[in-house]
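Colleague: I would like to learn how to read charged contacts and a helix in a model of this kind. Could we go through them one at a time?

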Amino acid sequence: SLITKLNGTIINMKIYGYADFLHSTEYNQSLSQKRADAAKDHLLKRIPPSQMQDLVCKGMGEKFSKDNQSKQGEAFQRRVDIIVEPFIIVQQNEKVPEKKTVLTTPKTTTKTIETLAKGESLSLEGLNFEPGRHYVVKEALPILDDLLKTLQENKALKIEIQGHICCLVGRDDGMDADTHETKLSLNRARAVYDFLVKNGIDKKRLSYEGFGRSRPKIFPENTPEDEQMNRRVEIMIVEK
């Protein structure tokens, strides 16, 4: 299906293999690479070399899997992600744009929010999400606690929670593997909204929106780390 849709387009392709927490770390690293290689070998038999400008094939091991004490593991993490982007030919008199990282405001604190005006946005630095899901990574939980504390201390503060995704080409938003809706960025924003409401923040102070991959924090995405940075939530000041 993928090859048919390419219709001869020259492409860049990234293939990432994953494994869940079952077995050892070393075994899962090898297994995830084998999964990526199997997908690569299958595709390269059918895509002419002239159509492939650049190819990345990497095993990610159990990096994004969480041990849930289940003998069945995490089925979603036993997968391969294939990311396809059209190759853009740059004319001789054009300059190739350098990779740009959009600077973000440092850690979310009361002082930082107090410096922002109505309508300005703030990146929740470190509030990253698992690939294809609306759950934050374990390391990001303190960021949610910081945001909650800030709202508790600033009773007049109203915010819009803005969700963003990475990697997607050809659609406005991504598929949420947990709900099977094409609303991944919206669901990520909603997840933060639900956390705040559950912990006592008035719904009238909050709203949320999903922007898909239309506002990347890092572009182009050259590494899995770049992609992880684009799986994020920002807040916009609505009222102070």
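Modeller: Start with arginine 133, whose side chain meets that of glutamate 74 in a salt bridge, at 3.4 Å from N to O. The model is predicted.

Colleague: Which parts of the chain does this pair link?

Modeller: The pair links distant parts, 59 residues apart. Arginine 133 lies in the loop between strand S5 (121-123) and helix H4 (141-153), and glutamate 74 in the loop between strand S2 (52-59) and strand S3 (80-86).

Colleague: Is arginine 133 buried or exposed?

Modeller: The cut-off for buried is under 20% relative accessible area. Arginine 133 has 14%, so it is buried. Glutamate 74 has 13%, so it is buried too.

Colleague: With which aspartate does arginine 133 form a salt bridge?

Modeller: With aspartate 178; the closest N and O atoms are 3.0 Å apart. This pair also links distant parts of the chain, 45 residues apart. Aspartate 178 sits in the loop between strand S6 (158-164) and helix H5 (184-198). Its relative accessibility is 29%, so aspartate 178 counts as partly exposed.

Colleague: What about lysine 183?

Modeller: Lysine 183 forms a salt bridge with glutamate 181, with 4.0 Å between the closest N and O atoms. The cut-off in the rule is within 4 Å. Lysine 183 has a relative accessible area of 39% and is partly exposed; glutamate 181, at 31%, is also partly exposed.

Colleague: Which residues do salt bridges with shared partners join into one network?

Modeller: Glu74, Arg133 and Asp178. By the rule used here, the count for the model comes to 8 salt bridges.

Colleague: Now the helix. How does one check the span of H5?

Modeller: Compare the expected span with the distance between the end C-alpha atoms. H5 has 15 residues, so at 1.5 Å a residue it should span 21 Å. The end C-alpha atoms are 21 Å apart, which agrees.

Colleague: Which residues of H5 are buried?

Modeller: Leu184, Ser185, Asn187, Arg188, Ala189, Val192, Tyr193 and Leu196.

Colleague: And what covers the buried residues of H5?

Modeller: The cover includes H4 and S6, along with strand S7 (206-210) and strand S9 (232-239).

Colleague: Which glycine follows H5?

Modeller: Glycine 200 follows H5, and its phi is positive, near 100°.

Terms used. Residues are numbered from 1 along each chain as its sequence is written. This is a predicted model: local features need pLDDT of at least 70, side-chain atom pairs count only at pLDDT 80 or more; totals for chains, interfaces and linings use all residues. Side-chain values use heavy atoms; hydrogens and water are left out. Helices (H or I, at least four residues) and strands (E, at least two) are DSSP runs, numbered from the N terminus. Buried means under 20% relative accessible area, exposed over 50%, partly exposed in between (1.4 Å probe, protein chains only). The expected span of a helix is 1.5 Å times one less than its number of residues. Contact means heavy atoms within 4.5 Å.
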